[in-house]
Amino acid sequence: MSADLNFARLRSAGTATLRSRAGISPTVLVSFLVILLVVLWSLFPSLFTGYSPVNGDTGSKLDAPSLQHWFGTDYLGRDQYARVVYGTASSVTSALVAVAIGLVVGSTIGLASGFRGGWLDATLGRFVDVLLAIPGFLLAVVIVSSLGFQTINAAIATGVSAVAVFARLMRAEVIRVRRSAFVEASYLEGGNRLQALLTHVLPNAYRSVLVLAVLQFGTSIMVIASLAFLGYGDPPPSSDWGLLVASGKTYVTAPWLVYAPALVIVATVLSINRISRWLRNSK
Amino acid sequence: MTSGYGRFALARAGQAAVVVLLAYVLTFLVISVLPGDAITNSLRDPQSGLSEADIQRIVQYYGLDQPVLVQLALSLGRFLTGELGFSLQSNLPVAQIVGDALPSTLTLASTALAIAVVFAIGIAYGAHYAPPRWAGLLRSIPSFFLSVPNFVIGLVLIELFAFRLHAFTTTDPNSATATLFAAVTLAIPVSAPLAEVLIASLDHESRQEYALVARSRGLDGAQLFARHLVKPSALPSVAMVALIVGELLGGSVITETIFGRDGIGTVVQKAVTGEDQPVLQAVVSLSAVVFVAVNLAADLLTPLLDPRVNVREAANA
Amino acid sequence: MSAPNPGGPTTGKDTTVPETKPSPLLGVEGLHVAYGDRKVVHDVGFTLARGGSLALIGESGSGKSTIAKAVLRLLQPAEASVGGSVRLAGTEVLSLPERQFRALRGRQLGFIPQDPGSALNPVRSIGTQAHEAAALTGERDAAVRRRIILEVFEQVGLPDPVRVYDSYPHQLSGGMLQRVLIALTVLPRPSLIVADEPTSALDVTVQKLILDLLGDLRKELDIGLLLITHDLAIAAERADTLVVLKDGAVQEQGPAAQVFAAPRTDYARNLQADVPALNPDRYRSQRTGAPQDTLQRTWQDSASQDVATQDGTTADSTTADATTADRPAQIAVTDVTKSFRTRGKEVRAVDGVSFAVERGRTHALVGESGSGKTTAVRLLLGLEQPDSGTITVGGHSTAGLTRAGLRDVRRHLQLVYQNPFTSLDPTWRVGRIIREPLDRFGVGSTADRDHRVREALQSVGLPDDASDRRPAQLSGGQRQRVAIARALVVRPDVVVLDEPTSALDVSVQAGILELLARLQRDLGLTYVFVSHDLALVRQMADTVSVLRRGQVVEHGTVDQVFDRPQHPYTRALLDAIPGTSGLASPAMADAPAEHRHIPKLAEAAV
């Protein structure tokens, strides 16, 4: 669920590469469509629903899903589908922020560590060990509790807790590439270390880091939803996906309030995971 | 060999101790430096019900009127002697709070670990030996498990088994059945990466030439699995055990909240809402200790299980 | 060439005549194998008599290993579909239920794999794995099984059977592991052993010992052998019958001596011509002949524009043998030593090595794994610094050079790596790869560089449009050509060739060697040629140093070393070259069959 395990998953030798034919399988296509829809929801929510996410019709509280209200209504009579659609932007952007932090900070640490080696590697390596030693979700909880309960802080916390994973993967990849014959060849051809780093090492190392970033995007959505579920994100009336599940769970008689946003989270993350696997296999 | 192993174990233990100390420092800095003066804020909160004398005593104890570095030194010094301080909310010793909550979380986490391992092995074995149709389905399960947040799993299980099938009641969260379902909630997201790694290494190992050679000696599928493939395939998962324990600790915060259990997770949640810095500091540092200890155990075990690992090289790594 | 001789029953080694034995040990008929839609084996058929030996020869992609696995039924039904007939002692095995076939595995049909390093489970001791083989004899008492295992270890010449029994695979050398595997395969006394390139991962001297052992055991225990190999010389030396495969189909088959000495098909003829040991003088004329084409002139002309080569034209230095003696050596390595510390022990990788290379000549460094030849190359290129001794290139010492100084040396000293699959950046296109040294050394203008890249592509025989492709779209031989173009584009004086063909098929190897020989003649290059293959060295080099455990045990001209080897190790190396010891060379093919004395063949087969 948190970032730490993604590393082990990626490092475990070339998984289902048996069928790595070119061409896009139907599941990958569906995944891309799901992600496209999610992106459109977050950019133009008003195109997808006429209801307001904030103001409800008190006459229709806790209605079951119907043609008018696809996901039913909540205790204030607000359309749950509209709440989900309007909550998308915050859920998606915060996950992007988290991935960006992990990717930029982690890759930089990993790159410096793997390429420079020596004392720098030892120092940064210890730092990464320490980040890794605190269970990812607990670290995120502690950071968000220090920064304050806001979705953006939850995103930062999630990003920081993923730094170690990016750093480790980048370091491993850089070391792998750095030792290869073509990098040594570039020195023999008069290249210097910086040239080798920029033209040979990075282009060969970034790919699996990119796959991790995609995977991590899905994981971040879940971690941020979990933080929101615990109430560590923006308070209502904002409608982050995790928060919707959390506020829905009080109404035992209206399970759709939980299932609808939960389904959206699951579908999104599943699609992202599928795309990440497709990226990993289509080398 | 033994002296080589001894030196290796000592070096690893030393590194582990350093990591624990640094993790303590990092946690301290995150908690006390980032938000400014949270600790005194919560002390001054009229709802805390503390007298002026109590507050003075606490300020004295934590060195709150002194620079952060001094506070850190005080706090670290006490941590090293095993003293965890006092809760700002309840004024109880942190050790007592943690001690009370621990058994419940331990039961939950160990049950979850057992379930996760069983799930993972079942999925991996099935993915490898079931008829192709089922195997394909089993291979996609980890990815599905990983896409469902564990609060969703928990809520669905409660909805289905408590509210509809009445297999357990949420009012008695410590019953065996309730614990079992809570453990399943916690186990599912943990079992998935374990299963993925197992599947991948089984794939890898069964493609190795030695598997071919063993088959050419007349071993059947089950013999090949039991004698040749299990051990090398399981080795990468040993290294994952620490990560899994970390996941279980982190996941317990949510699982315990959903199932209404009183455990470490609940303690964390209360400490976060109540800005109870010492409790948070203690729980997070202890989690790091657990993580590092399990990791150390896995590290020390690996050379014993895997004859290829050279301890003298590993000690310098 | 003698006239085609179908069936070949006149050569006196009639082990494959079907009529005399109603059910041969192994009969393969109309075998087809397809991986999905891709057909890799087409209508292959051959027979192997009881106690006989048959070699399947082919290059990569010929389907030889697939045939072996089909015979052993080791192909996964999900991956490959197998059709046709495979009969073992008269029993059809392809249609046999798995349960019944399993009873034949090991007991009737043994398998020796290619890479002994990965053929044993790395986390289980040798002993526990040996018990699996010993159990096939039906022996239930573990103590008795252990005794049987130790006996067979002794029999295959393992020095300390008990230690081997308790060891893990990574603690033994490749040669020892292959002995273990042979021991485990012969232990249940199968009637047929399938050996898939059993020695291609081993050093030459070890290779010979292992093949000898296999031959002796076969004789002793009357086991039939199906040998899979890419090496025609090994096949001819070790098998009675040869089956030459190309693209999954049989090109030619018949008695070994006949196929080897008088191949009927073009493909087999080419394979035979490409065996280095049979044609020691193949490239000699090309390397030392006068430059003929215009390429040399264009290279010289454009070279003189920016960097003048040290002393004028290089062409005459290659042709005029007499003048070379009083020239200073292009490369002089004097008493160089280099040690590494591994696991607290100090290992002298290179120990007092000296050699010199004259301009325009080829000097070979020969040795097996651990001989220090790789370290010597790294020292020469400045990738490592020697502990003592001096290295001069073009008269200038390379010791203690700054980074810029090293760059200047490397400008004239380029390397072609062993493995073209790892020496080219997979993310770059060929044009950019070849251009890299020009950009890095800042040679010429932009237009100039484009021109030179095209020129280099042409000179290595690649089409212009290759420059837009990535390495993955090229074959191994084409990649090595790209690597050569990259080394030559800055017009170095010296090119270090580190086993430049060991990752390639024989026919591809011949093309690369031809190219290297031509380029040397045309451009007056000096080569340092590193190899484990003495036959190749004889073809390519003028002078040679034989390295063993970091020391030069013998050096001299190729003729001296090959014709009158002084050191026993050199003699062992020479002796290990398959296809020597009087094996028929093309010149002898016209002689009557009875006069062709083939001692090793006789020894292995009788």
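A: Because Arg435(C) and Asp439(C) are four residues apart in helix 16 (residues 430–441) of chain C, about one helical turn separates them; a helix here is a DSSP run (H or I, at least four residues), numbered from the N terminus. The two side chains form a salt bridge, with their closest N and O atoms 3.4 Å apart, the term requiring a side-chain nitrogen of Lys or Arg within 4 Å of a carboxyl oxygen of Asp or Glu. Arg435(C) is buried at a relative accessible area of 17%, whereas Asp439(C), at 31%, is partly exposed (buried means under 20%, exposed over 50%, partly exposed in between; 1.4 Å probe, protein chains only).

This is a predicted model, in which local features need pLDDT of at least 70 and side-chain atom pairs count only at pLDDT 80 or more, while totals for chains, interfaces and linings use all residues. Residues are numbered from 1 along each chain as its sequence is written, chains are lettered from A and ligands numbered from 1 in the order in which they are written, and side-chain values use heavy atoms, with hydrogens and water left out.

Over all chains, the search finds 36 salt bridges. In chain B, the side chains of Asp203(B) and Arg139(B) meet in one of them, at 3.1 Å from N to O. This pair links distant parts of the chain, 64 residues apart: Asp203(B) belongs to helix 8 (residues 176–207) and Arg139(B) to helix 6 (residues 132–145). Asp203(B) is buried, at 6% relative accessible area, and Arg139(B) is partly exposed, at 24%.

In chain C, Asp522(C) and Arg518(C) form a salt bridge, their closest N and O atoms being 3.8 Å apart. Asp522(C) is buried, with a relative accessible area of 1%, while Arg518(C) is partly exposed at 24%. Both lie in helix 19 (residues 506–523) of chain C, four residues apart, about one turn of the helix. Elsewhere, Arg217(B), Arg227(B), Arg124(C) and Glu132(C) are joined into one network by salt bridges that share partners.

Chain B and chain C have three salt bridges across their interface. One is the pair Arg102(C) and Asp220(B), whose side chains meet at 3.8 Å, N to O. On the side of chain B that touches chain C, helix 9 (209–216), helix 10 (221–259) and helix 13 (311–316) of chain B each supply at least two residues. Helix 9 of chain B gives the largest share, seven residues.
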